[in-house]
Amino acid sequence: MSKKYRNGSSPLRTVTKFFVYSVAVIILLYCSLAAFHLGTEIFSKEGVEEAPGTEMTVEVSAGTSLRQLGEELEEDGIVRNSIVFYIQTIIYEVKSVQPGMYKFNTSDSGDKIIKTIEAGPIPEEEEIPEEGFDDSAVGQ
């Protein structure tokens, strides 16, 4: 004879439901924490390094996408995560980057880096020559 249960469910079915709901709650908590962590990275006011940081000049060539720029900035240690940088460009509605030389600091926050990109490249007269300054021509 089989036992009849009042609500029509067996103990095995109840345990299975409990397990499924528990897994769903764990997944929901994990996704919530991941979203919170991503949000704090996107809107963080901290740079990669503490101030004063390191001043770096980056050359952006014609046709460079914002995603490619983010990867380059991550490789150079200017941003922590290129994906977070790319999301920031979407949030701040940056559509493209102009070719040229840009000065960044490793202590710059994401929004400061975005503002630097929006301002455009540094003027050519401010660019630092690769060979350095030739001070032998100063006295002549």
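**Salt bridge**

I began with salt bridges, meaning a side-chain nitrogen of Lys or Arg within 4 Å of a carboxyl oxygen of Asp or Glu, and the structure holds one. The partners are Asp 111 and Lys 45, whose side chains meet at 2.7 Å, N to O. The pair links distant parts of the chain, 66 residues apart: Asp 111 sits in helix H4, Lys 45 in the loop between H1 and E1. I note the general point that side chains of opposite charge can pair when their charged atoms come close.

Ground rules before going on: this is a predicted model, where local features need pLDDT of at least 70 and side-chain atom pairs count only at pLDDT 80 or more, while totals for chains, interfaces and linings use all residues. Residues are numbered from 1 along each chain as its sequence is written, and side-chain values use heavy atoms, with hydrogens and water left out.

My helices (DSSP runs of H or I, at least four residues) and strands (E, at least two) are numbered from the N terminus.

Is Asp 111 buried or exposed? I find it buried, at 15% relative accessible area. Lys 45, on the other hand, is exposed at 59%. For these labels, buried means under 20% relative accessible area, exposed over 50%, and partly exposed in between, with a 1.4 Å probe and protein chains only.

I also listed contacts (heavy atoms within 4.5 Å). Leaving aside neighbours within four places in sequence, Asp 111 touches Lys 45 and Tyr 92.

**Helix H4**

Asp 111 belongs to H4, which covers residues 110-119. The buried residues in this helix are Gly 110, Asp 111, Ile 113, Ile 114, Thr 116 and Ile 117. What covers them includes helix H2 (66-75), H3 and E2. After H4 I come to Gly 120, with a positive phi near 95 degrees.

**Core**

Next I looked up the largest nonpolar core and got 15 residues. Such a core is a set of buried Ala, Val, Leu, Ile, Met, Phe, Trp, Tyr and Cys residues joined through side-chain atoms within 4.5 Å. Those with the most contacts inside it are Leu 69, Leu 73, Phe 85, Val 97, Phe 104, Ile 113 and Ile 117. E1, H2, E2 and H4 each give two or more residues to this core.

Beyond its neighbours within four places in sequence, Phe 85 is in contact with Leu 66, Leu 69, Gly 70, Leu 73, Val 79, Ile 113, Ile 114 and Ile 117.

Where is the cis peptide bond? I found it joining Ala 51 and Pro 52, with omega about 15 degrees. Pro 52 is in the loop between H1 and strand E1 (55-60).

Glu 93 has a positive phi of about 60 degrees, although it is not a glycine. I place Glu 93 in the loop between helix H3 (82-91) and strand E2 (100-105), and it is exposed, at 61% relative accessible area.
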